[in-house]
Number of protein chains: 2
Amino acid sequence: MTDKPKGVSNKLKYCNNCGLKLDYRIPEGDDRPRFICDACQTIHYENPKMVVGCIPVWKDRILLCRRSIEPRYGKWTIPAGFFEQKETVEAGAKRELYEEACATVEFLEPYGLYNLAFISQVYLIFQGPLKDKNFRAGHESLETRLFKEREIPWDDLAFSVVRKVLRRYFEDVLTGVFPFHMGDILPEMSY
Amino acid sequence: MTDKPKGVSNKLKYCNNCGLKLDYRIPEGDDRPRFICDACQTIHYENPKMVVGCIPVWKDRILLCRRSIEPRYGKWTIPAGFFEQKETVEAGAKRELYEEACATVEFLEPYGLYNLAFISQVYLIFQGPLKDKNFRAGHESLETRLFKEREIPWDDLAFSVVRKVLRRYFEDVLTGVFPFHMGDILPEMSY
């Protein structure tokens, strides 16, 4: 789970269709500037990215992963990552769970959507019961572990969105009701 | 609301950072092919796009827009469109409502998320009460109108995701409970 994709600049310079220089202006009929290729007429729209992830639950414990990659190397997180082409959001969340924790869930329920508008990202978080205790660190994790609420390493979580959704989750555990939540993450709380 | 952004090809040819030819292969440590620039090392990730929209409610009626643009010129839809950089999903849905129907809502509640995995899109639909009856066709609409359930032009809806979410909405009206739904739209039902 990273807050910024590697490599892709916010400032596009050349057309990826014909290789010529791009202009940046408001297209006819539009209301905001876009990167435009005057040679081949391609308009290069930029859109926010979705991160999909889940809270994997085993009785009164949840599964967290300790990151083996930057950013936030060594910090704990829920399994989550960038949503990929041609998959469903559920499939994406399950894929990330398997990649980062080699784990599978019985099912997933949508649990929370968090705007990180300042970096043009949306986190969609599911929750669901682990199928069994077969889990281990995937290639982006140093270790994986089940935590009771009182054991959660609150000061060593990788991202504030993880802190926010986990706080909410344990509040909902008290009532046994897990409604769909929405929230905003602001820049000053981004990590 | 369009199912495919204008201009952007699924097949990237040139690096938008340095303008040189891209290769298409699996990057080291990754598990799927990406467009890679060997000149400047940029990896061009492609990710699904989100469409944000809402069901604007006025008592026992909902507001629909008749499209003045392709695809599906002349067909009816809920106000919805591509989620833009640096906005929240709620702000995006309100922006689309204003652009297409010059209308405002008192508030929005998340209502449904629909995967259109075959075209790498996700629709996030809200519902909420209109502030007043001040609405009119925006520049992407021929007309805007309030419909009771029995008046909905089911055979003249622009997209099957609109049909699916509206069917669901009127089922929920019977119970007065509007839980968050998830669904999949398959290619054969895409229009």
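User: Which residues does C54(B) touch, not counting residues up to four places away in sequence?

Analyst: This is a predicted model, in which local features need pLDDT of at least 70, side-chain atom pairs count only at pLDDT 80 or more, and totals for chains, interfaces and linings use all residues. Residues are numbered from 1 along each chain as its sequence is written, while chains are lettered from A and ligands numbered from 1 in the order in which they are written. Two residues are in contact if their C-beta atoms, placed from the backbone, lie within 7 Å. With residues up to four places away in sequence left out, C54(B) touches I78(B), P79(B), A93(B), L97(B), V105(B), L108(B), I125(B), F126(B), Q127(B) and G128(B).

User: Which members of the largest nonpolar core touch the most other members?

Analyst: A nonpolar core is a set of buried Ala, Val, Leu, Ile, Met, Phe, Trp, Tyr and Cys residues joined through C-beta atoms within 7 Å. A residue is buried if 20 or more other C-beta atoms lie within 10 Å of its own, exposed if 12 or fewer, and partly exposed in between. Within the largest core, of 82 residues, the members touching the most others are C54(A), Y123(A), C54(B) and Y123(B).

User: How many residues of strand β9 of chain A are buried?

Analyst: Strands are DSSP runs (E, at least two residues) and helices likewise (H or I, at least four), numbered from the N terminus. Strand β9 of chain A covers residues 121-129 and is mostly covered. Of its nine residues, the number buried is eight.

User: How many bridges join β4(A) to β9(A)?

Analyst: Two strands pair if DSSP finds at least two bridges between them. β8(A) pairs with β9(A) in the antiparallel sense over seven bridges, and N115(A) stands opposite V122(A) there. β4(A) and β9(A) run parallel, with I55(A) partnered by Q127(A). The bridges joining β4(A) to β9(A) number nine.

User: Which strand gives the most to the side of chain A that touches chain B?

Analyst: In the interface, 39 residues of chain A are in contact with 39 residues of chain B. At least two residues each come from β3 (43-44), β4 (49-58), β8 (109-116) and β11 (181-184) of chain A. The most, three residues, come from β8(A).

User: What are the edge strands of the open sheet of three strands in chain B?

Analyst: The sheet has the order β1-β2-β3 with antiparallel pairing. β2 (residues 34-36) and β3 of chain B pair over two bridges, and I36(B) stands opposite I43(B). Pairing on one side only, the edge strands are β1 (23-25) and β3 (43-44) of chain B.
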